[in-house]
Amino acid sequence: MKRIFLSLVASLAVVLILLAGCSEPRNTRAVYVLVDTSGTYSQQFEKVQGVIRYMLGTLLPGESLALARIDSESFSEKDIIARMNFDLRPSMANAQKRAFLESVDSFGANIAPSKYTDITGGILQAIEYLNETKATERYILIFSDLKEDIKEGQVRDFPINFNGTHTVAINVTKLQSDNIDPREYQQRVDAWAERVEQGNGHWKLINDLNRLEGLWE
Amino acid sequence: MTFEFWTRLIDGQPALSLLLWVSGLIVVMYVARQPVHQIILSLVRSVRNALRLMAQSVMLAEKQLRNRNREVLLAQGQEHAERAIEREFQRVEAQVNRDLSGYPSLQRDLKEQITRIDEDYTQSGEVPPKPPEWLKAIEAVAEIPDNGSSVVGKILSDIHNTLKKSLQKSIQEYRRANRERHTLLKKMMPYWRSLTSNLNTVEKKITGLEQRAAVIDNQMQSYDDIRQQTDFSERLLSSSSMTQFFISGVALCLALVGMYVNFQLVALPMGEMVGASSYLGSSSIRASDVAALFIISVEVILGLFLMESVGVTRLFPIINLLDDHKRKAIFWIMLTFLFIFAGIEASLAYMRDMLAADSKALSQVLSGAEVVEPALSWIPSVAQMAMGFTLPFVLAFVAIPLEAFIYSFRTVSGLMGVWLLHIIAVLIRFIGNVTYGVGRIIINAYDLVIFIPLKFERSFKEKIIVKNESVEDPVELNDETHASKELIADEDDLKEKTK
């Protein structure tokens with residue numbers, strides 16, 4: 001009788017271990033949010049918070065989310081404000097989401113505007129992070145006016161390998177100069193779209209934050 | 001070959017050309033009538049024979065399946081009847097042990113009561129008072145003539161007084177004895193009542209046993225019918241099997257609903273153990289769903305073994321063959337496991353509620369709303385826990401309809417198979433007959449095309465008959481070929497066989 005008892009317990013344990021071991025996350029997503037903190041864009045952080053809340057509500061256990069700022073030298077780990085690989089356990093994932101939200105809120109309360117806008121450096125950092133997550137669907141969300149303003153001596157005009165990453169420009173604000181000549185705005189957006197698509201990436205522009213579900217399409 | 005080819009035999013005369021071709025064809029057909037008839041006939045005959053053979057094979061298979069069904073049905077019915085009789089005997093044994101185990105003491109009580117009643121009865125017997133011995137002497141003295149003597153008169157008077165006193169005393173004694181008898185008889189009353197009550201109890205018990213014996217008689221009768229393999233018992237078992245099939249099917253469907261509810265209780269919290277976003281390999285099956293299904297399956301299996309060890313079901317002969325001690329041990333092990341799993345499920349159900357509440361709170365935080373604890377939120381938590389605890393025990397009873405379904409499915413599927421084979425055989429025979437009919441139609445159509453030469457042939461034969469009227473051996477007037485005759489003979493043969 002002991003044998004039956006032990007064999008039942010053992011089989012149950014083996015099945016659970018096998019399920020935990022043989023199973024693997026499928027179609028995981030990783031999202032890297034880049035926020036422009038230059039003088040012209042730093043007032044838009046409330047919108048960033050709204051999108052991050054949407055992301056936290058949408059992303060599932062096993063998926064990843066990171067928030068980084070675009071400043072004068074964005075190709076750096078120190079610009080990553082928060083990053084989280086959500087645990088496979090739902091309860092842990094929920095706790096991580098709360099912690100992430102706290103980090104975002106505290107960052108939002110103390111934004112220091114940067115002098116320059118190194119978008120390319122931020123994107124390179126984002127691609128590096130996203131490749132490390134090994135997620136099947138990778139997204140870079142850029143909150144910026146898309147006007148790159150780099151320090152003298154920085155080299156940023158080279159092709160980037162996006163490796164299938166979806167790059168989504170959200171809430172691309174119009175500059176004063178765009179009102180003088182609206183073609184500038186369109187040229188800026190088109191230039192980034194071209195750069196992304198030439199680098200084997202996918203480009204999307206979402207200015208209406210009520211249509212965020214279109215992000216995953 | 002276009003239509004023009006046929007019309008160009010004679011230049012400028014298409015109709016005549018066609019007529020010539022048709023005439024030629026009719027002549028050829030007339031000449032080839034006999035072999036063509038034979039070819040068509042042999043073709044349809046071979047098709048029909050092949051189909052007949054096929055139908056026979058199918059019917060043979062149907063017969064074998066029917067016999068196998070009958071054997072299975074009767075064997076199952078026999079086993080079922082044996083079990084029912086065995087159960088009935090077990091009940092009788094229990095009743096005998098319960099009711100008649102006290103029979104010796106009851107008998108002793110009855111004997112004692114009867115002895116007491118007997119003693120009381122003996123004591124209450126009426127003994128007529130004997131006449132005093134000196135009565136004769138007194139009679140003799142009383143007959144002495146007094147002759148006027150006062151002494152004698154006094155003596156007689158004294159005797160008379162003494163006698164009177166003695167009689168009075170005797171009467172008093174008699175009355176006292178009667179009183180005592182009545183007292184004794186009065187004392188017998190409770191014994192009589194007790195005796196009556198005891199006998200009534202015995203009667204009730206005996207009646208209960210008689211009823212059980214009547215039930216056993218009925219079951220033995222049906223068992224005997226099954227053993228004798230009567231058609232009545234087969235029909236009875238067959239209809240019973242169909243009923244069982246549908247009832248157990250409905251019960252299993254309800255059990256599936258219960259399993260689904262159970263699954264919903266367990267699947268979400270299982271994500272905490274095996275990962276909520278983990279899938280099996282490259283499939284779209286969640287690992288947590290599989291783990292939840294596994295737990296539910298284990299509960300069902302535990303229930304199967306539990307019912308098996310109690311003897312309610314007999315799906316595993318090995319368990320049935322084990323001695324009672326081992327079966328009891330299996331029962332307790334399975335029950336312990338069920339309790340453990342019920343506890344696990346209750347805690348998982350509670351965890352599910354917690355996770356759902358946590359997710360809801362997080363959504364509220366993310367949407368910027370204030371987190372509000374819903375009123376009486378403990379009620380669904382407790383309800384889920386209670387369901388999680390009870391459902392494994394409910395699922396344990398799935399074993400009963402499952403057994404009935406498996407056993408009845410054997411016979412029902414057999415019956416279905418028999419019906420299917422019968423339909424196939426009928427269809428094959430129908431196709432064979434249709435083919436034969438088509439052959440006949442083709443032969444008749446062939447004759448219709450060449451009806452002109454046939455008519456001539458008939459007229460020619462009639463003329464020969466007229467010429468040979470004087471001859472004794474007349475020529476048979478018949479325009480049917482040998483094949484046509486065979487066809488008709490075949491049809492008659494088929495009709496006879498069908499009859």
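N163(A) lies in the loop between β5 and β6 of chain A, where helices (H or I, at least four residues) and strands (E, at least two) are DSSP runs numbered from the N terminus. The model is predicted, so local features need pLDDT of at least 70 and side-chain atom pairs count only at pLDDT 80 or more, while totals for chains, interfaces and linings use all residues. Residues are numbered from 1 along each chain as its sequence is written, with chains lettered from A and ligands numbered from 1 in the order in which they are written.

N163(A) is not a glycine, yet its phi is positive, at about 55 degrees. N163(A) is exposed because 12 other C-beta atoms lie within 10 Å; the cut-offs are 12 or fewer for exposed, 20 or more for buried and anything in between for partly exposed, with C-beta atoms placed from the backbone. K134(A), also not a glycine, has a positive phi of about 60 degrees. The loop between α4 and β5 of chain A holds K134(A), which counts as exposed because it has 11 C-beta neighbours inside 10 Å.

Next come the nonpolar cores, sets of buried Ala, Val, Leu, Ile, Met, Phe, Trp, Tyr and Cys residues joined through C-beta atoms within 7 Å. The largest has 40 residues, and the members that touch the most others are V31(A), Y32(A), V33(A), L34(A) and L141(A). Eight elements of chain A each supply at least two of its residues: β2 (29-36), α2 (45-58), β3 (64-70), α3 (90-109), α4 (119-133), β5 (137-143), β6 (166-170) and α6 (183-198). Of these, β2(A) gives the most, with six residues. Residues up to four places away in sequence aside, L141(A) touches V31(A), V33(A), L34(A), V51(A), V168(A) and I170(A), contact being a distance within 7 Å between C-beta atoms. A second, separate core of 39 residues includes M259(B), L304(B), L348(B) and L391(B).

Chain B contains 14 helices and one strand. Of its 499 residues, 18% count as buried. Among contacts in chain B with a separation of 6 or more, 78% join residues 24 or more positions apart. V44(B), in helix α3 of chain B, gives an example: V44(B) and N433(B) are 389 residues apart in sequence, but their C-alpha atoms are 9.3 Å apart in space. Beyond its neighbours within four places in sequence, V44(B) is in contact with T435(B), Y436(B), V438(B) and G439(B). With 21 other C-beta atoms within 10 Å, V44(B) is buried.

Helix α3 (residues 33-99) of chain B packs with helix α6 (residues 150-227) of chain B at an angle of about 165 degrees, their axes 9 Å apart. This makes α3(B) roughly antiparallel to α6(B). Angles run from 0 to 180 degrees between N-to-C directions, and axes are lines fitted to C-alpha atoms, for helices over the stretch in contact. Helix α8 (residues 287-310) and helix α11 (residues 378-396) of chain B pack at about 50 degrees, with axes 7 Å apart. Here α8(B) is oblique to α11(B); under 35 degrees is roughly parallel, over 145 roughly antiparallel, 65 to 115 roughly perpendicular and the rest oblique. In this pair, E299(B), V300(B), L302(B), G303(B), L306(B) and M307(B) of α8(B) meet P392(B), L395(B) and A396(B) of α11(B).

Notes:
Contact = placed C-beta atoms within 7 Å.
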